[in-house]
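Keep the sequence and the model side by side.

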Amino acid sequence: MRHLLLLLLAAGLLAAPAHAQTAEPPALAVLDVELVDDHLNPATVVDQQRRLAEAGEQLRRELAATGAYRVVDLAPAAALVERLRGQHEYLYRCDDCADQVGRALGTRLVMSAWVQKVSELILNVNLQVRDVDSGRLVLTKSADMRGNRDESWRRAVHFLVRDLAERRARDPAYGR
């Protein structure tokens, strides 16, 4: 019987439940991208700060465009985020910070992102999505990039979002 149902679904003779096709994507708060850099290079500081801001904008824009999440505006929680940044070196390391931001914005999911700079040649971009209600991570992703250049940052962020969207298309529960 189960094989028959799978065969009918695969052939398109049975429709998926209507709510599965029209369900609104979950709301997601995306915190600003942070930088972990133990080898500060004064020659790259200004460019890195710009890249961090651009990576955050790109991440929010591309996530929203995939339809995987409904990206919410952080502005209503700006004062809280600023206060938390003053108390913690990195928000991605502070689970309670993500929980507080999620509750303040009325979202169940909060994404933290950071770039770890090993050297001017070796960096990686990391994402994690935390479920505020359950207190657990529902998604972690990382991509390596070579070279501390605008293009390498853009490509790494794009790869992570594209991979997330492709996995979500195969498994609607992915990252939820």
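Gln48 touches several residues beyond its neighbours within four places in sequence: Leu35, Asp37, Lys117, Glu120, Asn148 and Trp153. This is a predicted model, so each contact is read from predicted coordinates. Gln48 itself sits in helix H3, which spans residues 45–66.

Is Gln48 buried or exposed? Its relative accessibility is 2%. Buried means under 20%, so Gln48 counts as buried. One of its contacts is with Asn148. Here the two side chains form a polar contact of 2.7 Å.

Now turn to the strands. Lys117, one of the residues that Gln48 contacts, belongs to strand S4, residues 109–117. Which strand does S4 pair with? The partner is S5, and the pairing is antiparallel, over nine bridges. Within it, Ala113 is bridged to Leu127 of S5. Four residues make the hairpin link from S4 to S5.

Strand S5 covers residues 122–131. How many of its 10 residues are buried? Nine are, so the strand is mostly covered by the under-20% cut-off.

S5 also pairs with strand S6, residues 136–146. This pairing is again antiparallel, and it runs over 10 bridges. Val125 has Ala143 of S6 as its bridge partner. The hairpin of S5 and S6 has four residues between the strands. In that hairpin, Gly135 takes a positive phi near 75°.

Taken together, S5 pairs with S4 and with S6, in the antiparallel sense each time.

Conventions:
Residues are numbered from 1 along each chain as its sequence is written. This is a predicted model: local features need pLDDT of at least 70, side-chain atom pairs count only at pLDDT 80 or more; totals for chains, interfaces and linings use all residues. Side-chain values use heavy atoms; hydrogens and water are left out. Buried means under 20% relative accessible area, exposed over 50%, partly exposed in between (1.4 Å probe, protein chains only). Helices (H or I, at least four residues) and strands (E, at least two) are DSSP runs, numbered from the N terminus. Two strands pair if DSSP finds at least two bridges between them. A polar contact is a pair of N or O atoms within 3.5 Å; within protein, one must be able to donate a hydrogen and the other to accept it, and residues adjacent in sequence count only if both atoms are side-chain atoms. Contact means heavy atoms within 4.5 Å.
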